[in-house]
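User: I'd like to learn how to read the surface and the sheet of a model like this one. Could you walk me through it?

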Amino acid sequence: MGASRKFRNLAANPQVAFVVDDLASVQPWRVRCVEIRGHAEALRDQPSAPGMSGEIIRVYPDRVISFGLGPA
């Protein structure tokens, strides 16, 4: 992961956005979404499970938006 484009982009600009969206149902139409915006840092040599890389990206959220996550 340390050589990935995500790590290189983060070195140039620490501002990040992460979005997860889903179509809960089509009848009726229900969309759900979580958006996280903030800044991040690339961390190397972190403790990890066997066989996994010790490199992670830690996100510090400044703003979190969500909708469609509650009961229908």
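Analyst: Happy to! Let's start with patches: they are made of residues with over 30% relative accessible area and no salt bridge, where like charges are joined within 9 Å and nonpolar side chains (Val, Leu, Ile, Met, Phe, Trp, Tyr) within 5 Å. Accessible areas come from the Shrake-Rupley method with a 1.4 Å probe, and for residues only the protein chains shown count as cover. A salt bridge is a side-chain nitrogen of Lys or Arg within 4 Å of a carboxyl oxygen of Asp or Glu. This is a predicted model, in which local features need pLDDT of at least 70 and side-chain atom pairs count only at pLDDT 80 or more, while totals for chains, interfaces and linings use all residues. Residues are numbered from 1 along each chain as its sequence is written, and side-chain values use heavy atoms, leaving out hydrogens and water.

User: Which residues form the nonpolar patch on the surface?

Analyst: Leu 23, Val 26, Trp 29, Val 31, Ile 65 and Phe 67 do, and together they have about 570 Å² of accessible area.

User: Which strands each supply at least two residues of the patch?

Analyst: Strands (DSSP runs of E, at least two residues, numbered from the N terminus) come in here as E1 (15–26), E2 (29–43) and E3 (56–67).

User: Is Trp 29 buried or exposed?

Analyst: Buried means under 20% relative accessible area, exposed over 50%, and partly exposed in between (1.4 Å probe, protein chains only). Trp 29, found in strand E2, is exposed at 60%. Val 26, found in strand E1, is exposed as well, at 56%.

User: How are the strands arranged in the sheet?

Analyst: In general, strands of a sheet pair through backbone hydrogen bonds, either parallel or antiparallel. Two strands count as paired if DSSP finds at least two bridges between them. Here, three strands form an open sheet in the order E1-E2-E3, with antiparallel pairing. E1 and E3 stand at the edges with a single partner strand each, so one side of each has no neighbour in the sheet.

User: How many bridges link E1 and E2?

Analyst: Eleven, in the antiparallel sense; for instance, Val 16 has Gly 38 in E2 as its bridge partner. A hairpin joins E1 to E2 through two residues. E2 and E3 also pair over eleven bridges, and there His 39 has Tyr 60 in E3 as its bridge partner.

Definitions and conventions: Helices (H or I, at least four residues) and strands (E, at least two) are DSSP runs, numbered from the N terminus.
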